[in-house]
Amino acid sequence: VVVAPKRPEGCAALGIAPSVAPTTSDHGLLLPSAPLHHLLLHPAPGDAAPRARALVLTSANRSGDPTLWDDTEALRELAGVADLFLAHDREVARPFDDSVFRTSAEGAIPMRLSRAAAPLVLRAPQAARRGGCVLAIGGDLKTAPALAIEGEIVLEAHVGDLESPATADAAMERVLRLCRERGVRPDRVAHDLHPGYVGTRLAAEIAATFGAGTIAVQHHHAHALAGAVEHSLDAPFLAIVLDGLGFGADGTLWGGEILVVDGVRFERAAHLEMLRIPGGDAATREPWRSAASWLARAFPGGNAPALAWHARHDAATLALLARAAERGVNAPETSSCGRLFDAAASLLDCGDRSRFEGEAAISLETLAAQAPALRPATAAARRARSEGASDEALVHDAGSAEADGVILCADLVRDLVLEAARGAPRAALARAFHESLATRIASRAAAVAKHHALRTVVLSGGCLQNRLLASALVRGLEARGVVPLAHRRLPPNDGSLAVGQAAYALQ
């Protein structure tokens, strides 16, 4: 499946209604890949007209569960969902999801590796080509296991999100079958550092089955090492990892990290400003929670100008959440880039709730894509502009908002709110938010790279699926003399975590 920008004329020609995927500027496209697809799309002998120019498809599963491929099971599980079932007389030897890639100016971004793209075989880093066999579980989202043996790391096809018991069972079956087919018994099982992950429990069960040991790998370190494997990096390097969250080495939740990586060692050189967000996991489904916390940080006196956002939320509820955040009650501290994007999306009326992962942030990117590229619009930048500063000075000014390794973000939220209250176009504000944040991260990464005499930076994490953010970050790094290495064979999201975990465990 290729996720590409919609073209109104193309949608009209194919007969695709505007109500298909209305909250995003993209469609996922695939061509007929089996004879049955052609029979559905092309006229049979005697038909007066073509049957369809395009079909709108979704996977045969309930949300969160694995795709159903057995006819009997599908008829039972989806009887209340589908009106008709089209069965086939070909037996499914092995079920696979479709692989998914997203277009970008820098090249295709893998989002999910499965049919025709996985298993994917990569060479392990030179320092990791030692004896033994490692099985890596990956994370709890977009799980895809990996097996490392004889200097190679084999990434298996996408399994799904382990929060579903059915998917967890499928993951267990997948890794056991992988070991059987390869005729190996792993001596180590690598998993995410988070003690509450389903994958951590699965790793313990699998290790017990084989009499193997377990090894935990910090989430963002694994992201960085996956990039190193993809680009055959053996020397120390810099990594920028931007995602929703991962369990940090200090017990907080990380998600906006600049790391200096040297094999099994890493240093957290800088990170996005940390903030307590009330609700825990609920914040991933309710972006307004992140918006409330960032508003309180950006306007500590409670003097934020009135927005449409305020009319949608009860003041008493917001005050209660603020007290919970102050006291740390069900309000984990995080440097999450994903939650920061959620906050901006909610404040710009792109959505207060996400029905699927990242919906609010996707809507924010869709809005931002409607505006031309902008220079950062911070308060300091506006002052500099009024004083006649050059555009280059504005970029450096935006990149200087950093203190003791913390990339400050509250003023980005403050300026976004102030400009929105003045009636600035929402699309321009969304675009400026992307550009300003990317500039700050690139500026700090370049300073860290110079301090450590490094020139290469790996870009990873689910937020790098965002075209605008990724492109702005690449431009900012290149302008500062740093060589960015983005994922082109592995997904930047958690679908590549197992590769990094395996590389760590091998070393």
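I count a salt bridge when a side-chain nitrogen of Lys or Arg lies within 4 Å of a carboxyl oxygen of Asp or Glu. The model is predicted. I found that it holds 27 salt bridges.

**Entry: salt bridges**

I looked up Arg-174 and found it paired with Glu-156, the closest N and O atoms being 3.6 Å apart. Arg-174 sits in helix H4, and Glu-156 sits in the loop between strand S8 and H4. The two are 18 residues apart. Both Arg-174 and Glu-156 are buried.

Next I took Arg-268 and Glu-257, whose closest N and O atoms are 2.5 Å apart in a salt bridge. This pair links strand S13, with Arg-268, to strand S12, with Glu-257. Why does Glu-257 count as buried? Its relative accessibility is 0%, and buried means under 20%. Arg-268 has 21%, so it counts as partly exposed.

Then I checked Glu-273, which bridges to Arg-297 at 2.6 Å between the closest N and O atoms. Glu-273 lies in the loop between S13 and strand S14, while Arg-297 is in helix H8. Glu-273 is buried at 9%. Arg-297, at 34%, counts as partly exposed.

I also noted a network of salt bridges that links Asp-26, Arg-102, Glu-365 and Arg-467.

**Entry: two helices**

I turned to H16 and H17. Their axes come within 8 Å and cross at roughly 40 degrees. The two helices are therefore oblique to each other. The crossing is right-handed. The contact residues divide into nine nonpolar, two polar and three charged. Among them, Ala-438 and Ile-441 are in H16, and Leu-469 and Leu-473 are in H17.

How values were computed:
Residues numbered from 1 in each chain as written. Predicted model: local features only at pLDDT ≥ 70, side-chain atom pairs only at ≥ 80, totals over all residues. Heavy atoms only, no water. Axes fitted to C-alpha atoms, helices over the stretch in contact; angles between N-to-C directions. Helix = DSSP H or I, 4+ residues; strand = E, 2+ residues; numbered from the N terminus. Parallel < 35°, antiparallel > 145°, perpendicular 65-115°, else oblique. Left-handed = near helix turned anticlockwise from the far one by under 90°. Contact = heavy atoms within 4.5 Å. Nonpolar A, V, L, I, M, F, W, Y, C, P; charged D, E, K, R; others polar. Buried < 20%, exposed > 50% of the residue type's maximum accessible area, 1.4 Å probe, protein only.
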